[in-house]
Amino acid sequence: MITPLRRRHRWLAPACFAVALGGLGLALSQRPTEFVAASRGGAARALESLAGAARFAPEHGRYSLALERPPGAEPRLWLLPHEPLDAPDLLVYRATTLAPNSALPDDAVLLGPASPTEPTAFLLPPGPSVILLYSLGHRARYDAFDLGAAAAERGAATEAPSPPGAPGAPSPPEAPGAPSAPGAPSPQGAR
Amino acid sequence: MGHAYQAVQWNRQKRRYDLALLGGVVLYLGAFVGVTSALQPEATAETLLIRGLGTAAFLLLHVVLAIGPLARLDRRWLPLLYNRRHLGVTMCALALLHGGFSLVQFHAFGDVNPLVSLLSSNTRFDSVADFPFQPLGAAALVILVLMAATSHDFWLANLTAPVWKALHMLVYVAYALIALHVALGVLQAETSPVLWGAVAAGALALGTLHLLAARKDAADDTRATPAAAPGPWIDACAVSEIREGRAKVIVAGGERVAIFRHGGRLSALSGVCQHQNGPLGEGRVVDGLVVCPWHGYQYRPQCGSSPAPFHERVPTFRLQVEAGRVLLDPRPVPLGTELAPVATEEAAP
């Protein structure tokens, strides 16, 4: 009658709970290390691992920014959330000026989606850069960073993105709208 | 039990149970949204709703899965078991809302079919941290919906109890999928150990409860297994071991048989209710009928048939009493066969 069913129940239930616990342990052990570093030592400390990166306004808003210029490669802008953000649909735009209201400037160029949890890299077009975090869903600006102003405040012109055409200025990336740099953590906006 | 199906056979107890359940869900969602919006003011309303519904469903699933072993370990939990299906359907509704809102929020505004997007937007199966956790939740949701849709007695009767039970045993698979969905999803962004600890404690508690209940069942079965005897009759127990109106459960041929004492006579029935395979041997004889403790299904002890107009039947077994011992033939007689109850006292020679 139901002896086989009962026998199956006796091993299936504990097995599924064991799988759940094992999965939890595995997932805990494999969490992104960059994020763990950020939670322990702050976003700026996590960005220290980026050799040669110039950091901007590390305590600004909810993100830290850094500009990385790998030798022989195009500059990359890094965004690192200070803490997990409940904003799953943030997109990163680069514009030349900051609009006075919450609207998206006409010249805004999409760099890619911002991860609410992990450091994310974007290829940065040359020129004066205002970085915007914008939610299309809410039609609202979430945050903005004026890289030029930040560089001026720090008095570290060498750390600012070079103006277009300047000696040593990086060439424009072929695809300004490309999302993340190769190897960068992928967005996990749906978490 | 019923010969004509109704959506829900409401009674006072069910109404109170469902009102308490609904009130609890509303209170929980209100508290979750209030506390989370205070702690994380940047969280949007839809995010709060998705998370509130998801956590409510996950919590309810824990309650649903805990009731079974708790009722096996202590009969005082039986009243919760009586309407466990209502908990399950409520949990499924919450999970469905969570899944639906998530599908809209994260997949509905692109140029790809949301379901296609759900299954194809993340293909990083080689990464633990970036594993596509949403399809795991979707797979669990399919199981939960299937269970909720077949939870009615109509399906139980038409699928038969063993098939229905096997189908509903998939709830453990759903639980594992949901735990992985949570661990690979929201917990990847969680630095506080509180949530991790709570999810792990939940899985550990449920696993422990089920192991304890399984151990008790196995011990009960071992105790209830009579020594092997030559011939068809096995020595089940002493007559004095069976209380009036109750049963002594023994294991014969690997199956549970309940020997009931009613009006000074003995009858042997399967210890497994035809309805949800409940523990009929733990039931009582009320008004001359054996009543299952889980959902009140009734059987006539003489033939194992439910009283008209109902038509459930459980196997019955032949008994003898000799020298104060109850002897049982472990081969069931054909379903519905009338067997005269055996007197507890041997007839005088």
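In this predicted model, helix α1 (residues 3-29) of chain A packs with helix α10 (residues 193-223) of chain B, their axes coming within 9 Å and crossing at roughly 160 degrees; axes are lines fitted to C-alpha atoms, for helices over the stretch in contact, and angles run from 0 to 180 degrees between N-to-C directions. Helices are DSSP runs of H or I with at least four residues, and strands are runs of E with at least two, numbered from the N terminus. Because angles over 145 degrees count as roughly antiparallel, α1(A) and α10(B) are roughly antiparallel to each other. Residues making the contact include F17(A), L21(A) and L24(A) of α1(A) and W196(B), L204(B) and H210(B) of α10(B), contact meaning C-beta atoms, placed from the backbone, within 7 Å.

Turning to the strands, four bridges join β3 (residues 76-81) of chain A to β6(A) in an antiparallel arrangement, where pairing requires at least two DSSP bridges. Within this pair, L77(A) stands opposite F122(A). From β6(A) (residues 120-123), T120(A) and F122(A) point one way, A121(A) and L123(A) the other, and all are buried (20 or more other C-beta atoms within 10 Å of the residue's own, with C-beta atoms placed from the backbone).

In chain B, three strands form an open antiparallel sheet in the order β5-β6-β7. Strands β5 (284-286) and β7 (298-299) of chain B each have a single partner strand, so one side of each lacks a neighbour in the sheet. V290(B) stands opposite Y299(B) in β7(B).

Residues are numbered from 1 along each chain as its sequence is written, with chains lettered from A and ligands numbered from 1 in the order in which they are written. For this predicted model, local features need pLDDT of at least 70 and side-chain atom pairs count only at pLDDT 80 or more, while totals for chains, interfaces and linings use all residues.

Notes:
A residue is buried if 20 or more other C-beta atoms lie within 10 Å of its own, exposed if 12 or fewer, and partly exposed in between; C-beta atoms are placed from the backbone. Angles under 35 degrees count as roughly parallel, over 145 as roughly antiparallel, 65 to 115 as roughly perpendicular and the rest as oblique. Two residues are in contact if their C-beta atoms, placed from the backbone, lie within 7 Å.
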